[in-house]
Amino acid sequence: MKFTLSWLKDHLDTEASVDEIAETLTDLGLEVEEISNPADRLKDFTLGYVKHAEKHPDADKLRVCKVETDEGEMQIICGAPNAREGITVVVCKPGMYIPGLDITIGVGKIRGVESFGMMASERELELSDEHDGIIELPSGEVGDRFVDWLAENQPAKVDPVIEIAITPNRPDALGVYGIARDLAARGLGTLKTPEFEPVQGSFASPINVSIDEDTQDGCPLFTGRLIKGVKNGPSPAWLQDRLKAIGLRPISALVDITNFFTFDQNRPLHVFDAAKVSGDLRIHRAQGGETLKALDEKEYTFGAGQMVISDANGAESIAGIMGGEETGCTEETVDVFLESAFWDHVQIALTGRALKINSDARYRFERGVDPEYTLEGLHQATRMIIELCGGEASEVVIAGDVPDHARAYKLDAGRVQSLVGMEIPESDQRQTLTRLGFRLEGNMAHVPSWRPDVQGEADLVEEVARIASLTKLKGKPLARVTDGIPKPVMTPQQRRQQMARRTAASLGYNEVVGYTFIDKASAALFGGGDDATMLANPISSEMSHMRPALLPGLLQAAARNQARGYMDQALFEVGPAFHGGEPGEQHNLISGILVGRNGPKDVHGASRDVDTFDAKADIEAILSAIGAPAKVQILRGAQSWWHPGRHGKICLGPKKVLGIFGELHPKVISEMGVKGPVVGFTIWPDEVPLPRKSGATRAALEASDLQAVERDFAFVVDEGVEALTLVNAAAGADKALIEDVRVFDEFIGGSLGEGKKSLAMTVRLQPSDKTLKEKDIEAVSEKIIAKVTKATGGTLRG
């Protein structure tokens with residue numbers, strides 16, 4: 001939305017500068033995008049007087065002029081045909097920038113004669129395209145600033161142009177009058193409200209208007225009148241200057257008047273050449289297939305249901321968007337039918353998009369215009385047409401009624417404090433709303449017809465705060481709910497997830513933030529993909545189901561990275577997975593994968609493929625960081641996507657699973673498109689018991705001053721017996737005394753016989769109250785042998 005300063009002052013009595021107006025507009029929510037001030041580029045130029053002019057001694061078309069300036073007499077060489085003695089000119093001194101030539105002028109010699117500057121033409125100062133001669137001024141004193149002379153004699157040439165951005169909720173600011181209303185409400189001036197005087201018609205209009213019943217929802221009101229005997233020529237200079245300033249091309253007085261009201265009052269109008277209209281006008285919906293050549297010289301084909309204005313010959317206008325070329329006004333127009341209507345914004349938008357046509361009328365109607373100004377706009381435009389073009393107006397033709405947009409909301413003065421945090425007296429609030437056009441009856445504020453965006457009590461608060469200026473809002477710290485140290489903001493589970501992220505990152509993993517949606521095939525590999533987790537409206541076929549685990553997303557990320565040449569990876573993710581489609585059917589997980597080798601190749605041969613024990617070390621580190629108990633059981637029996645012989649479940653009991661680690665099943669890896677060995681882990685953080693004490697202090701260190709004792713045992717067992725079975729059995733022989741059990745040797749074959757193996761382990765005994773004697777050690781050893789023998793069926797190796 002563009003407008004000039006003088007145009008704004010037609011509606012606002014103010015002494016504010018351009019900068020003050022621009023700053024206020026932005027503060028009001030009408031952000032200023034650009035200010036074009038011609039005075040800025042002309043501020044250095046001054047007036048001079050040519051005292052003497054003579055022919056150049058070495059050039060027939062050049063004259064040597066003696067020019068009196070504010071810095072004394074200067075010699076200037078000029079080739080303009082009107083350069084002569086006795087005229088007042090605009091002087092450009094050396095060192096000045098000439099905007100039309102894009103140069104900085106200096107002292108120079110022309111055919112051997114020095115020239116100290118130049119006398120400017122209008123094109124050289126970007127005032128017009130005129131360059132046949134230099135500027136001759138009818139008045140002015142030597143040394144006066146040229147911009148001051150223009151401001152007094154030709155103000156349109158130095159009129160600043162302001163461009164603002166209009167948000168879709170502020171159609172009232174698409175007119176200069178609406179902008180002036182906002183500034184006046186802020187107190188930057190006084191709004192000028194002209195008296196409304198209807199133009200009485202002297203005869204009945206020969207053109208009548210009707211609206212089809214099925215079109216009344218799209219065109220609730222249509223007004224018009226015939227004006228006969230007009231003379232349609234060029235519009236006056238002031239009107240042309242305003243339209244040119246905002247980028248519009250003056251066409252003729254009738255068309256320029258309609259464009260003026262579009263930008264001045266946000267009231268689009270249209271004029272038909274009445275001599276070209278056959279019969280009456282009818283507003284109806286197109287059947288589909290009708291064509292119209294519009295004023296932009298393009299032909300449009302209507303779709304079924306789009307609104308059209310037709311006469312007896314067919315479609316003559318695209319309703320609310322653009323008129324037709326056939327009934328357009330020309331310089332020969334004598335009788336004109338003026339239209340002012342109200343159109344439904346949604347239907348205008350749909351038609352405009354379907355026809356791919358943009359116009360100032362469409363832009364305003366689809367955002368909303370003032371329905372109650374429809375008839376008043378017709379009268380004001382009629383008066384301007386008669387004043388500028390002459391003619392005689394008919395009586396007004398009205399079809400339909402003004403739609404009822406009346407609504408009122410309660411003004412609660414206290415809500416400004418609660419919603420915005422500003423203390424504004426109730427009297428100021430009521431005054432603000434009154435200045436904006438609201439009508440107050442007690443505590444009820446009736447919304448003006450030009451504000452379709454106000455739809456509730458909160459909008460009243462917004463208007464009050466906007467006019468008062470949110471820059472006055474002072475920050476205040478929130479009051480403490482309780483005295484002393486505040487309680488932690490994060491929950492224990494959130495702190496666990498944070499600690500898990502930090503620990504995994506410190507172990508060399510890169511975090512992945514994946515979608516919670518995956519494809520059905522990937523979900524099925526990890527126990528999901530059923531109808532319960534299927535999305536009703538997925539954004540793509542690759543995101544059709546809620547993920548049952550984090551591992552498929554990590555494997556997909558690994559496959560994409562491998563496709564780009566990154567073969568060795570360490571990835572982890574913390575987030576939810578879903579075992580159903582109902583609220584609450586989800587669980588938090590911490591998952592990670594290692595792909596490829598544990599490091600780059602080197603001369604020492606230290607690089608190797610990742611294995612199950614890499615995953616075990618990492619899951620134990622993360623479990624320790626989030627507070628899991630140190631003593632756990634490692635069992636078999638994980639889901640089918642884990643390798644059946646190379647995985648382990650970390651448990652506090654048969655049914656209390658904290659996590660799973662191990663190698664992923666080769667079939668799953670192949671289906672996911674990942675190359676190389678893949679090991680990983682998954683942790684259920686919600687299953688980790690919370691500490692009994694919630695305090696921040698740690699328990700006292702329990703360190704024994706008694707010496708520990710280690711004993712080695714070797715058992716012969718069947719080849720299929722797992723080492724973990726021996727470890728768990730030995731550790732359970734005396735939980736108070738046995739501190740650690742670890743396997744250090746395995747022997748298969750030889751004298752043991754077929755299907756047998758020997759497992760050797762060290763048991764560490766740590767007394768806490770007295771030093772162990774030999775009989776105490778022997779007693780524990782017998783318990784260990786008995787436990788292991790019972791659990792495995794093996795025998796102590798002799």
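The structure is a predicted model, in which local features need pLDDT of at least 70 and side-chain atom pairs count only at pLDDT 80 or more, while totals for chains, interfaces and linings use all residues. Residues are numbered from 1 along each chain as its sequence is written, and side-chain values use heavy atoms, with hydrogens and water left out. Helices (H or I, at least four residues) and strands (E, at least two) are DSSP runs, numbered from the N terminus. Strand β16 (residues 221-228) is joined to β24 by seven bridges, and the two run antiparallel. Strand β17 (residues 270-273) also pairs with β24 in the antiparallel sense, over four bridges, and the bridge partner of Phe272 in β24 is Phe337.

Strand β24 (residues 336-342) is mostly covered, seven of its seven residues being buried, a term that means under 20% relative accessible area, whereas exposed means over 50% and partly exposed lies in between (1.4 Å probe, protein chains only). In a regular strand the side chains alternate between the two faces of the sheet. In β24, Val336, Leu338, Ser340 and Phe342 point one way, Phe337, Glu339 and Ala341 point the other way, and all are buried.

Helix α6 (residues 237-245) has Leu239, Arg242 and Leu243 buried. These residues cover an arc of only 95° around the axis, and therefore lie on the same side of α6; the arc is that of the directions from the helix axis to the C-beta atoms. On the other side of α6, Ala237 and Lys244 are exposed. The cover over the buried residues of α6 includes α1 (5-9), α7 and α10 (373-389), and just after α6, Gly247 takes a positive phi of about 95°.

Helix α7 (residues 253-264) has 12 residues and reaches 16 Å from its first C-alpha to its last, close to the 16 Å expected at 1.5 Å a residue, the expected span being 1.5 Å times one less than the number of residues. Because 11 of the 12 residues of α7 are buried, this helix is largely enclosed by the rest of the structure. Among the buried residues of α7 are Leu254, Asp256, Phe260 and Phe263. Just after α7, Asn266 takes a positive phi of about 55°.

Strands β39 (residues 709-718) and β41 (residues 756-765) pair in the antiparallel sense over 10 bridges, and Phe715 stands opposite Leu759 in β41. Contact here means heavy atoms within 4.5 Å, and axes are lines fitted to C-alpha atoms, for helices over the stretch in contact, with angles running from 0 to 180 degrees between N-to-C directions.

Definitions and conventions. Pairing = 2+ DSSP bridges.
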